[in-house]
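Reader: I have the sequence and the coordinates open. Please take me through a few local features, one at a time.

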Amino acid sequence: MTARSGGPTIGARERTIATSRRRETRAARLLKSPLRSAARRWRYLPSASKAPVWRAVFAPLDALDRVRGAGGGLPPRWLRFLVGDNYEGVGREFLGLFQRLGHLGPDDAVLDIGCGAGRMALPLTTLLSARGSYDGFDIVPAAVAWCTRNIGRRHANFRFRTLDVRNDRYNPRGALAAHEVTFPYPDASFDFAFASSVFTHLGPAEARRYLAEARRVLRPGGRLLATFFLVDPEARALMAAAAGSLAFRETAPGVHTLLHRAGDVHFAVAVDEDLARAWLAEAGLRVHEPVHRGAWCGRAEHVSYQDIVVASPSG
Ligand SMILES: C[S@@+](CC[C@H](N)C(=O)[O-])C[C@H]1O[C@@H](n2cnc3c(N)ncnc32)[C@H](O)[C@@H]1O
């Protein structure tokens, strides 16, 4: 039997397959919307609420690592997943960037703003001398506890602390508002401060406060190295063409969020470069030009994944 169109013949098997495909499509359509809304709900959940799930998911692998002694001195997988993806690779990369772009030396006093699970602290133990020092703080107690147990106890000049600061993604029940935080360190006490993938989780008022605090604790000639998603004309064009891996949308003037809800800055936030530069200047920080561009928006030429700004106290 030939098809009426004069096309290829359609046998019983093909008809069965075609019918089951139609059924699949109907079934998929029925499933799609609840699945999509469940995925959306999951995406919107704070990392803090997802932690027990990741802990359970990674439990067999973490147990295996423990039994085989294969953890390699790294945090458990669930913690790395939560606050420090590609732990070893990014740690190595930033150790090089700190030296090359931030002129970090072995005797420097270093501050790690939002230290997570020690992704940067661990490689810094190989660089900093006994005359140098490291202080890191974060708002996820489990991450800080791991750092204290596994890095602080082995390196007397490495200190970690928890600040109970509110962040919808990482610590939604925190007692302190980030825009009112005072870093627990004296004025002019560090040569080098850095924040890797932290300003990308702060709202405008919080970022301005953290820049002012970074400025306060830096010595004259000190350097701040901070990563951002900075929206310049090229990034804007690339985002419009959906060239990159992150689909930010402008939800307030100059502020672009990943979840596309105004005010949802803590999940991930990009800011107009002009705005970020105004905040840095307001904080009394002078940018060491140029800004080092990141690949996040789909740029062919880049230094790292996020954009990197190095700045020093201006007066
Ligand atoms: C993507 S993780 C990066 C962690 C670490 N800097 C690294 O590169 O491995 C973002 C970190 O920022 C921390 N964070 C978010 N808001 C913060 C705040 N207001 N103050 C300090 N840390 C914060 C989170 O707890 C989390 O550890």
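Reader: How many bridges join strand β7 to strand β8?
Author: Keep in mind that this is a predicted model. Strand β7 covers residues 249-252 and β8 covers residues 255-257, and the two run antiparallel. The number of bridges joining them is three.

Reader: Which residue in the turn of that hairpin has a positive phi?
Author: Two residues lie between β7 and β8 in the hairpin. On the strands themselves, Glu250 has His256 of β8 as its bridge partner. In the turn, a positive phi of about 80° belongs to Gly254.

Reader: Why do the buried residues of α4 line one face of the helix?
Author: Helix α4 spans residues 87-100, and its buried residues are Tyr87, Phe94, Leu97 and Phe98. An α-helix has 3.6 residues a turn, so residues three or four places apart point the same way. Seen down the axis of α4, the buried residues line one face because they fall within an arc of 100°.

Reader: Which exposed residues does the face of α4 turned away from its buried side carry?
Author: The buried side of α4 is covered by elements including α3, β4, β5 and β11. The face turned away from that side carries exposed residues, namely Gly89, Gly96 and Arg100.

Definitions and conventions. Residues are numbered from 1 along each chain as its sequence is written. This is a predicted model: local features need pLDDT of at least 70, side-chain atom pairs count only at pLDDT 80 or more; totals for chains, interfaces and linings use all residues. Helices (H or I, at least four residues) and strands (E, at least two) are DSSP runs, numbered from the N terminus. The expected span of a helix is 1.5 Å times one less than its number of residues. A residue is buried if 20 or more other C-beta atoms lie within 10 Å of its own, exposed if 12 or fewer, and partly exposed in between; C-beta atoms are placed from the backbone. The arc is that of the directions from the helix axis to the C-beta atoms. Two residues are in contact if their C-beta atoms, placed from the backbone, lie within 7 Å. Two strands pair if DSSP finds at least two bridges between them.
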